[in-house]
Amino acid sequence: MSQGLSPIAFLTRTRRRGRIGVTDILSWAWLILGTLAVLVPVVWAGLSSFKPAAEITRFPPTLLPRAAVQQTVPGFDAPLSLWTVDVDGQRREMAMVRRIGLKAQMIDPSNPGPPVSVDVKNIAPVQRLTIATENYTDPLTRFDFLTFLQNSVFVTFVATLLTLVVNALAAFALSKYRFRGEKAIFVLIISTLMIPLTVVMVPAYLVVVGVGLVDSLWGIIIPTVASPTGVFLLRQYMLTIPDELIEAARVDAASEFRIFWRIVLPLTAPALAVLAIFSVLWRWNDFLWPLIVLSSRENFTLQVGLNAFQGEFSVQWNYILAMTFLSLAPVTVVFLFLQKYITTGIAGTGMK
Amino acid sequence: MSTPKATDLGGRALDFVMGVVEAPINGFERLMGRKRMPYLFLAPNLILFGIFTFLPIAIAVGYAFTGGTGLFVSERPFVGFDNFRQLLQCEDYLRPGSCRESLFWTAVWNTLWFVGFNVAATLLVALVTALILNRAMAARGFFRAMFFYPVLLSPVVIGLIWKWFLDRNGLLNAFLQMLGVPPEIFLLDVGWSRFFVVVVSVWFHMGFYTLILLAGLQAIPKDLYEAASIDAASPRRTLFRITLPLLGPNLLVVLILLMIRSVQIFDEAWVLTNGGGPGTANSFIVQYIYQMAFGSDLRLFGLASAASVLMGLVLLALTLIQLRLGRKMES
């Protein structure tokens, strides 16, 4: 629709040609402010995650990640910090040797002679754009985040695979067969939609302890595999597959499982894709249930690990924000590519 | 397509796995007949639901009547309604301090206030956004996606992002300083922290409700608007006489859904406020249940179950209202 429009025409387009009403202005103001409200906290956290530890607590903060520049100067063991110095109306870059009260002793790094004493009012630190990659590499190597990441990937992948198979089987039975108790079973499954985790979390934990899955990744995978939303979504889709296809396969003496596997499942691919996207998002973001079930550190998922880490190292915001971004990145990528499926899927089923 | 060998190998592996799985299932079919197959296909799902959903419900009710700190029913003495009595005994329900379980009543009141403000704010923001996006608007898809993006993030991530935004050295304080306002540690102030728990919740979830309301708005027949414009009805009149009445049922569904979800506030508030702080200013019912059952070494499963049962009853009532409304909408 908007193809071939100039940007100006695009931005100034209104409902009634040629007139920009108050409503239009207010609408655009609302949308732009809303977009800023969504983006600013996320982008701010993202920019901060690249700041070195020394810079992240600077107030007022700089927008972009920057750090003081240091340089090794012959004759000094440790690298010296670089400053811009105003001497006699001239601006020069010099290295600071030491600072005594209101005076700083500076030398020229390229031509070290005797130090010059300068008033601290006349100097400012030299800063360059720096990306502190150690914020990302340190937690993965020195702390347990690689383990958390592996656990999250494992849980997300296995749980999604099982969710697809188990719920597709149930949906197949509920859409392609007539049998006693069909309706009752369907209502029973759908009714579990009404039971939120928060109400049954205490006894569900006891059951998980009882079956010996406590503090294991399987303890967070298996209880979440059967999904009423999944059964509902897949069943509604399978109802649209013509029964004649199945009858024809039976004439050819195909077994029921082969019909499911070779005919129904491939035809359900679009609905399976939607369920897979949701399942991945649910598992990746899940917090309360893993928080209850997992107790030892080597079993933590990314979300639980992140929560534990911020409790223990609450001052190390550079690490916390970097790992927050590591957790947010895959979701953002999924959303950028599959935005249409996700929004139409939600509008169609009302699920989240 | 680009790697035919890999897909071929994957396909063959899958065929092999399926061959192994298929054999016993086909055996079952030959033995029991085709008519019994749907039960076999339903079995994994129903077994999982039975163990991890229906069994817990039964246990929840049972545990609410037992005491002690034992894990299994055999280790737990029957105490009748003691847990409920402990939760509900109170001199003055408006003052949680006068209740036997003052933490519970603090949580109840915090939750009620949160639900009130959160439902009102989310509904308002989502409705206005949906109405704007429903106009013949350029870049509608972009804005819809933008507002929806936070819905997909994890509550932990959202809690941390906002905690950093509201930090003493955060962007909000930097902005306030530019305006000459002294910095504030928002999350250590009772009033501000409660305010921002609502803000973060609206920020997190409004995109979801906007989407539902937008779908409702787009289902309103266009000829009604044409008729209104022929009658030269003012935009305000069109809004109050056509749009809102026809959107009414959707609004009610969204309202109930919002209430059901708001009552269960936990994850993002827990991370944002460091577990309900400052003090107990942001401690909600789910947090109370979590702390009684799993926090520190309390392990008061009976009390936690009793609180779960009470919350479950409230949610059930809300759900039944929602179902009743849904049926009314259909007829």
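The model is predicted, so local features need pLDDT of at least 70, side-chain atom pairs count only at pLDDT 80 or more, and totals for chains, interfaces and linings use all residues. Residues are numbered from 1 along each chain as its sequence is written, chains are lettered from A in the order in which they are written, and side-chain values use heavy atoms, without hydrogens and water.

Start with chain B. Its domain assignment, an automatic or database one, gives domain 1 (4-75) and domain 2 (94-330). Their C-alpha centres lie 36 Å apart. Nine residues of domain 1 of chain B and eight of domain 2 of chain B make the contact (heavy atoms within 4.5 Å).

Now look at the interface. The size of an interface is often given as the accessible area lost when the parts come together. Here the buried area is about 540 Å², with 72% from carbon and sulfur atoms (accessible area, 1.4 Å probe, lost by two parts on being put together, summed over both). On the domain 1 side, B:Tyr63, B:Ala64 and B:Thr69 lose the most area, together 56% of what that side buries. Between the two domains of chain B there are zero salt bridges (a side-chain nitrogen of Lys or Arg within 4 Å of a carboxyl oxygen of Asp or Glu).

Turn to the rings. Over all chains, the count is 43 aromatic pairs (ring centres of Phe, Tyr or the six-membered ring of Trp within 6.5 Å). One aromatic cluster consists of A:Phe143, A:Phe145, A:Phe148, A:Phe300, A:Phe309 and A:Tyr319.

How values were computed. Phe/Tyr/Trp six-rings, centres within 6.5 Å; stacked < 30°, edge-to-face > 60°.
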